[in-house]
Amino acid sequence: MAEEKTIEAQAYLDQEQTAKHEAAAKNLRDQLMIRITRRLGCRISETLNLYVENIDFKRSLITIRHQKARVSISCPQCNTRLRKSDSFCPHCTAKVEAVIQKVISHPKMRTVPVDKDTLEMIRGYMKGVQLEVVEEKHKLFSLSRQHAWQIFVEAGIRAGLPKIYNPETEKYHNISPHKLRDAFAVHAMKLNPTMEGARLLQEQLGHKDIGTTMRYRKLALEEQQDWYDKLFEKEKPSGN
């Protein structure tokens, strides 16, 4: 009988592993894209939407733009806004059989600190490429989301990094941009697990709700294991 192959996996990457992931990039562009994502905790859409004009080199700050989209539904009879659960329009009382859908975009901006090593890497990168100009601004990366995603996956494979295991779905995943964002958040929470630390992380990640940020505390299972072990320390037999 063939021996089953065990898949090496873990819940999140540590900082040493994200550094290896960055080092496995094929070129400076890819390395910088991974560096910004892992050191700022960006969403990949935010990394790809960075412009030179968003960077304050003197004060070591970067302004991140996040394009949040939501779908609004309304009554086709009177254009009153509806909830998903509405069977009848609350204004004209017409039965809701079809709705008008509109995608509403909400751009959000936040300014976060960036380390000087990353700024130097950005300067070096800018000297060797001709950046795409969009609406009179210079875009750092002219890549599709799909292409960028593939770069992250392939760098993870070259670096020999383990797959990431999701205990909720019981599935294994390759290294994706969001796994670096997760790694940043878990690292930050382990260094400062207080509410003040969570608030600072919330600002860095651009979370609207602090509850979303607090999810990253649950990933540090070592803390829960230590806490649990202490509950029954007095019950341990002497000599153990």
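Buried means under 20% relative accessible area, exposed over 50%, and partly exposed in between, with a 1.4 Å probe and protein chains only. By that rule Tyr-228 is partly exposed, because its relative accessible area is 46%. This is a predicted model: local features need pLDDT of at least 70, side-chain atom pairs count only at pLDDT 80 or more, and totals for chains, interfaces and linings use all residues. Residues are numbered from 1 along each chain as its sequence is written, and side-chain values use heavy atoms, with hydrogens and water left out.

Tyr-228 sits in helix H9 (residues 221-231). Helices (H or I, at least four residues) and strands (E, at least two) are DSSP runs, numbered from the N terminus.

## Whole chain

The chain has nine helices and eight strands. Of its 240 residues, 35% are buried. Its accessible surface comes to about 15700 Å², computed by the Shrake-Rupley method with a 1.4 Å probe. Carbon and sulfur atoms hold 50% of that surface.

Contact means heavy atoms within 4.5 Å. Among contacts with a separation of 6 or more, 64% join residues 24 or more positions apart.

## Nonpolar cores

A nonpolar core is a set of buried Ala, Val, Leu, Ile, Met, Phe, Trp, Tyr and Cys residues joined through side-chain atoms within 4.5 Å. The largest has 35 residues. Those with the most contacts inside it are Met-33, Ile-36, Leu-40, Ile-62, Ile-122, Leu-140 and Phe-141. At least two core residues come from each of H2 (28-40), H3 (44-48), E3 (61-74), H4 (116-128), H5 (145-158) and H6 (177-191). H2 gives the most, with five residues.

Leaving out residues up to four places away in sequence, Met-33 touches Thr-47, Leu-48, Phe-141, Leu-143, Ala-148, Ile-151 and Phe-152.

Lys-108 lies in strand E4 (residues 100-113). At 40% relative accessibility, Lys-108 is partly exposed. Beyond four places in sequence, its contacts are Ile-64, Arg-65, His-66 and Lys-208. The C-alpha atoms of Lys-108 and Arg-65 are 5.7 Å apart, across 43 residues of chain.

Strands E7 (residues 163-166) and E8 (residues 171-173) pair in the antiparallel sense over three bridges; pairing requires at least two DSSP bridges. Asn-166 has Lys-171 in E8 as its bridge partner. Four residues lie between the strands of this hairpin, where Glu-170 takes a positive phi near 60°.

## Salt bridges

A salt bridge is a side-chain nitrogen of Lys or Arg within 4 Å of a carboxyl oxygen of Asp or Glu. The whole structure holds nine. Arg-29 and Asp-30 meet at 2.9 Å, N to O. Arg-29 is partly exposed at 26%, whereas Asp-30 is buried at 6%. Arg-59 and Asp-56 meet at 2.7 Å, N to O. Here Arg-59 is exposed at 61%, and Asp-56 is partly exposed at 23%.

Arg-199 pairs with Glu-196, their closest N and O atoms 2.7 Å apart. The two are separated by about one helical turn because they are three residues apart in helix H7 (residues 195-205). Salt bridges with shared partners also join Glu-22, Arg-35 and Arg-38 into one network.
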